[in-house]
Amino acid sequence: MENASGRLSLISSISSSLRAVLTRPHTFVASRPFRLISAVYFSTYLTANSIDTISSTLAEKAPSHSAPSFSKFFATSTVNMSFGLYKDSQFAQMFGTSVIRRSIPTASYALFALRDSITIFASFNLPPVVAPLLSDEVEKVMGRASAAQIMAPATVQILSTPLHLWGLDLYNRPKASLGERVKQVGKNWAGSTAARMGRIIPAFGFGGVVNAKVRRRLMERLKVGDKT
């Protein structure tokens, strides 16, 4: 967001964050931005896992069963967007260029909501669909499910990042023309896409792989416990 607003360059913003993590990790973890982001991811995974557990129970399938469904997408997107939109509104005010704190435009909220919906769909609903389509060569490196979980949410950032940048520009430059916005988004698209991929891959890529494995093991243990 600092890069999109022009407050700091992408490299300077990343360097500043890394410096804070390495030199003052306790301060970084206790910071408001970190707490806001943690709340988004925690609530999102909690909702997805809850829906999977309820769905598998109602369908009388294995407790570890996980499958894409509209109910999962709707519930997870709703929770993610609720926390995410609040987080984005706070970030826009914390890292934006405006001296005067003003409300976030409705159009920005709409763009952020669409951006988050795309990411959630790619993180929780798309991987099971993509996994069977991957080449056998993928199995030599990692499981297809894991590969799809890492690739899907990262790849869609190519499409969702322009929505993110446009929403921020509406807040940072409310009087900019259409041409100026297109130019600004195009200018920051590549760097911001790479940065968002770098954030999404650990959060919903590797995070999704770990979450699936941990949930599966816990649910299998619970199933064994019920039998005994």
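## How to read the model

Because this is a predicted model, local features need pLDDT of at least 70 and side-chain atom pairs count only at pLDDT 80 or more, while totals for chains, interfaces and linings use all residues. Residues are numbered from 1 along each chain as its sequence is written, and side-chain values use heavy atoms, with hydrogens and water left out.

## The overall fold

Let's start with the big picture.

How much of the chain is buried? Of its 228 residues, 41% are buried. Buried means under 20% relative accessible area, exposed means over 50%, and partly exposed lies in between (1.4 Å probe, protein chains only). The chain exposes about 12,700 Å², and carbon and sulfur atoms supply 67% of that area. These areas come from the Shrake-Rupley method with a 1.4 Å probe, and for residues only the protein chains shown count as cover. Among contacts (heavy atoms within 4.5 Å) between residues at least 6 apart in sequence, 76% join residues at least 24 apart.

## The nonpolar cores

In soluble globular proteins, nonpolar side chains tend to be buried together. A nonpolar core is a set of buried Ala, Val, Leu, Ile, Met, Phe, Trp, Tyr and Cys residues joined through side-chain atoms within 4.5 Å. The largest one in this model has nine residues: Val 40, Tyr 41, Tyr 45, Ala 48, Ile 120, Phe 124, Ile 200, Ala 203 and Phe 204. Helices H4 (32–58), H6 (106–125) and H10 (178–227) each supply at least two residues of this core, and H4 gives the largest share, four residues. A second, separate core has five residues, including Leu 134, Val 138, Ala 147 and Ala 148.

Which residues does Phe 204 touch? Leaving aside residues up to four places away in sequence, its contacts include Tyr 41, Tyr 45, Ile 120 and Phe 124, as well as Asn 80, Gln 149 and Pro 153. Thr 119 is another contact of Phe 204. Thr 119 lies in helix H6 and counts as buried because its relative accessibility is 5%.

## Empty spaces

Rolling a probe the size of a water molecule over the atoms shows where empty space is left. On a 1 Å grid over the protein atoms alone, a cavity is a set of points where a 1.4 Å probe fits but cannot get out, and a pocket is an open set with protein on both sides within 12 Å along at least five of seven lines; lining residues have an atom within 4 Å of a point. Grid points are joined across faces, edges and corners, and a volume is the space filled by probe spheres set on the points.

The whole structure holds two cavities of 30 Å³ or more. The largest cavity contains about 150 Å³ of space. It is lined by 14 residues, and Val 40, Asn 80, Lys 87, Asp 116 and Arg 199 are the closest to its centre. By class, this lining has six nonpolar, three polar and five charged residues. (Ala, Val, Leu, Ile, Met, Phe, Trp, Tyr, Cys and Pro count as nonpolar, Asp, Glu, Lys and Arg as charged, and the others, Gly among them, as polar.)

The second largest pocket has a volume of about 460 Å³. Of its 21 lining residues, Ser 66, Gln 149, Gly 208, Ala 212 and Arg 216 lie nearest its centre. H10 gives the most to this lining, with seven residues.

Asp 169 sits in helix H9 (residues 157–172). Why does Asp 169 count as buried? Its relative accessible area is 3%. Asp 169 and Val 185 are 16 residues apart in sequence, and their C-alpha atoms are 8.1 Å apart in space.

Phe 91, in helix H5, is also buried, at 9% relative accessibility. Val 29, found in helix H3 (residues 25–30), is partly exposed at 44% relative accessibility.
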